[in-house]
Amino acid sequence: LRADQVLGLTFGRRAALNWRDQVSRAIGGGAVPMVSTFHSFCYGLLRTFAPHSDLPVSLNLLSGPEQQVRTRTLFAEAVAEGRVAWPSDLADAVGTRGMTEEIRAVMARTRTHAMEPQDLAALACAPSGNPLWSSIAVFMDEYLTVMDAASVIDYSELIYRALLLVQGDDEVRRYLHTTFKAVYVDEYQDTDPGQILLLKDRKSTRLNSSH
């Protein structure tokens with residue numbers, strides 16, 4: 001295979017740089033395969049193809065601390081203004097770092113399982129579900145709307161929207177299949193369900209987002 005037909009995916013920027021350096025030394029110069037983090041690769045796909053699709057996408061990526069601040073502020077406002085129902089015995093936790101991180105984790109897990117807020121709300125009603133998930137689902141829907149309006153996107157949403165793009169656009173799949181003949185994943189055991197779906201690259205009619 002030519003170097004440009006090979007793709008390497010990993011999880012951290014440092015790991016990607018180290019892997020690229022190792023490949024360069026092994027080849028001894030010249031063209032080298034693309035080695036990228038999952039997020040960087042998905043960002044490139046969205047930047048290239050999303051503007052030509054009907055998929056809403058914002059290409060200003062939020063850092064972890066920025067998302068934490070936005071989530072804390074938006075959730076506190078949503079509870080205070082009555083848009084999100086929240087138990088009175090947990091009212092004192094609203095706006096705290098710990099509660100914010102828990103809410104972020106639930107929203108991120110929802111996206112890594114390729115689910116929409118309404119899917120999370122349905123799980124809240126399941127026998128093994130958590131009733132708080134229903135409130136977080138309401139907030140997640142508002143959060144995504146606000147993020148779109150502000151033209152920003154977080155890391156879990158980045159993977160999810162790349163997955164929507166790949167599974168919903170024949171042109172993108174043809175590009176991927178034509179360009180890359182071999183894909184290698186470093187630390188594959190650390191992939192989440194959304195990343196695995198992206199790697200499988202199978203067209204699905206289940207995925208559908210209004211955000």
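Leu 176 touches Phe 41, Leu 45 and Val 166, leaving out residues up to four places away in sequence. This is a predicted model. Leu 176 is also among the residues with the most contacts inside the largest nonpolar core, which has 23 residues. A second, separate core of 19 residues includes Ala 78, Trp 86, Phe 139 and Val 152.

**The largest core**

- Besides Leu 176, the residues with the most contacts inside the largest nonpolar core are Phe 41, Cys 42, Leu 45, Leu 46, Val 166 and Val 172.
- The top contributor is α7, with eight residues.

**Helix α2**

- Helix α2 covers residues 38-49, which makes 12 residues.
- At 1.5 Å a residue, α2 should span 16 Å, and its end C-alpha atoms are 16 Å apart, so the two values agree.
- Which residues of α2 are buried? They are Phe 38, Phe 41, Cys 42, Leu 45, Leu 46 and Phe 49.
- These residues cover an arc of only 135° around the axis, so they sit on the same side of α2.
- What covers the buried residues of α2? The cover includes the strands β1 (6-10), β2 (34-37) and β5 (182-185). It also includes the helices α7 (155-168), α8 (170-179) and α9 (193-200).

**Met 34, in strand β2**

- Met 34 belongs to strand β2.
- Its relative accessibility is 39%, so Met 34 counts as partly exposed.
- Leaving aside neighbours within four places in sequence, Met 34 is in contact with Ala 3, Val 6, Leu 7, Gly 8, Phe 41 and Phe 180.
- Met 34 and Leu 46 are 12 residues apart along the chain, and their C-alpha atoms are separated by 17 Å.

**Helix α3**

- Helix α3 runs over residues 64-80, a stretch of 17 residues.
- At 1.5 Å a residue, α3 should span 24 Å; its end C-alpha atoms are 24 Å apart, which agrees.
- The buried residues of α3 are Gln 67, Gln 68, Thr 71, Leu 74, Phe 75 and Ala 78.
- They cover an arc of only 150° around the axis, which means that they lie on the same side of α3.
- On the other side of α3, Pro 65 and Ala 80 are exposed.
- Against which helices do the buried residues of α3 pack? They pack against α4 and α6.
- After α3 comes Gly 82, with a positive phi near 80°.

**Thr 110, in helix α4**

- Thr 110 has its place in helix α4.
- Is Thr 110 buried or exposed? Thr 110 has a relative accessible area of 2%, so it is buried.
- Not counting residues up to four places away in sequence, Thr 110 touches Met 115, Glu 116, Leu 120 and Met 140.

**Cavities**

- How many cavities of 30 Å³ or more does the structure hold? It holds two.
- The largest cavity has about 60 Å³ of space.
- Residues that line the largest cavity include Gln 67, Arg 104, Met 107, Met 140, Tyr 143, Asp 154 and Glu 157.
- At least two residues of this lining come from each of α4 (97-112), α6 (132-149) and α7.
- The largest share, four residues, comes from α4.

**The largest pocket**

- The volume of the largest pocket is about 310 Å³.
- Its lining has 15 residues, and the closest to its centre are Arg 13, Thr 37, His 39, Ser 40 and Tyr 155.
- Each of α1 (13-27), β2, α2 and α7 supplies at least two residues of the lining of the largest pocket.
- Which element gives the most to this lining? It is α1, with four residues.

- Ser 151 is not a glycine, yet it has a positive phi of about 60°.
- Ser 151 lies in the loop between α6 and β4 (152-153).
- At 35% relative accessibility, Ser 151 counts as partly exposed.
- Glu 187 is not a glycine either, and its positive phi is about 55°.
- Glu 187 is found in the loop between β5 and α9.
- Glu 187 has 39% relative accessibility, so it counts as partly exposed.

Key:
Residues numbered from 1 in each chain as written. Predicted model: local features only at pLDDT ≥ 70, side-chain atom pairs only at ≥ 80, totals over all residues. Heavy atoms only, no water. Expected span 1.5 Å × (residues − 1). Buried < 20%, exposed > 50% of the residue type's maximum accessible area, 1.4 Å probe, protein only. Arc of directions from axis to C-beta. Contact = heavy atoms within 4.5 Å. Core = buried A, V, L, I, M, F, W, Y, C linked by side-chain atoms within 4.5 Å. 1 Å grid on protein atoms, 1.4 Å probe; cavity = no way out; pocket = protein on both sides within 12 Å on 5 of 7 lines; lining within 4 Å. Points joined across faces, edges and corners; volume = space filled by probe spheres on them.
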